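Here's a short tour of the inside of this chain, with an eye on its aromatic side chains. Have the model open as you read.

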Amino acid sequence: MTKEQRKIAQNELIMLDMKDVQDLTGWCENVVRNTFAYDEHFPAIKKGKKYQVELGAFKKYLSQRRTKK
């Protein structure tokens, strides 16, 4: 990967952790934790013990209405 490609990737790839999602949405810690861990439609990535979500995927997730069945 060239320096230019790396710079483009860093500008376009924004990863959010649970604290970031909590701050952006105003959801409580338990809701965020359960969403990352148990919602099969949530685009979470687990690396070791830490969960992350890409900003674009998170926006797409929020754009669809979800109801409990």
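This is a predicted model: local features need pLDDT of at least 70, side-chain atom pairs count only at pLDDT 80 or more; totals for chains, interfaces and linings use all residues.

Residues are numbered from 1 along each chain as its sequence is written, and side-chain values use heavy atoms, leaving out hydrogens and water.

What does Phe-36 pair with? Its ring partner is Tyr-51: the ring centres are 5.9 Å apart and the planes sit at 55°, so the pair counts as tilted. The pair links distant parts of the chain, with Phe-36 in helix H3 and Tyr-51 in strand S3, 15 residues apart. (Helices, H or I with at least four residues, and strands, E with at least two, are DSSP runs numbered from the N terminus.)

Then there's Phe-42 with Tyr-61, an edge-to-face pair with ring centres 4.9 Å apart and planes at 90°. Phe-42 belongs to the loop between H3 and strand S2 (44-47) and Tyr-61 to helix H4, so this pair ties together parts that are 19 residues apart in sequence.

As for the rule, rings of Phe, Tyr and Trp (its six-membered ring) pair if their centres lie within 6.5 Å; planes under 30 degrees apart are stacked, over 60 edge-to-face, and the rest tilted. The count comes to 4 aromatic pairs, and Phe-36, Phe-42, Tyr-51, Phe-58 and Tyr-61 form one aromatic cluster.

Here are some buried residues with their relative accessible areas:

| Residue | Relative accessible area |
|---|---|
| Phe-42 | 6% |
| Tyr-61 | 10% |
| Thr-35 | 13% |
| Tyr-51 | 17% |

Thr-35 lies in helix H3. Setting aside neighbours within four places in sequence, Thr-35 is in contact (heavy atoms within 4.5 Å) with Phe-42 and Tyr-61.

Now the wider setting. The largest nonpolar core has 9 residues: Leu-16, Val-21, Val-32, Phe-36, Phe-42, Tyr-51, Val-53, Phe-58 and Tyr-61. Helix H3 (29-38), strand S3 (50-54) and helix H4 (55-62) each supply at least two residues of this core. Such a core is a set of buried Ala, Val, Leu, Ile, Met, Phe, Trp, Tyr and Cys residues joined through side-chain atoms within 4.5 Å. Val-32, beyond its neighbours within four places in sequence, is in contact with Met-18, Val-21, Gln-22 and Trp-27.

Note on methods
Buried means under 20% relative accessible area, exposed over 50%, partly exposed in between (1.4 Å probe, protein chains only).
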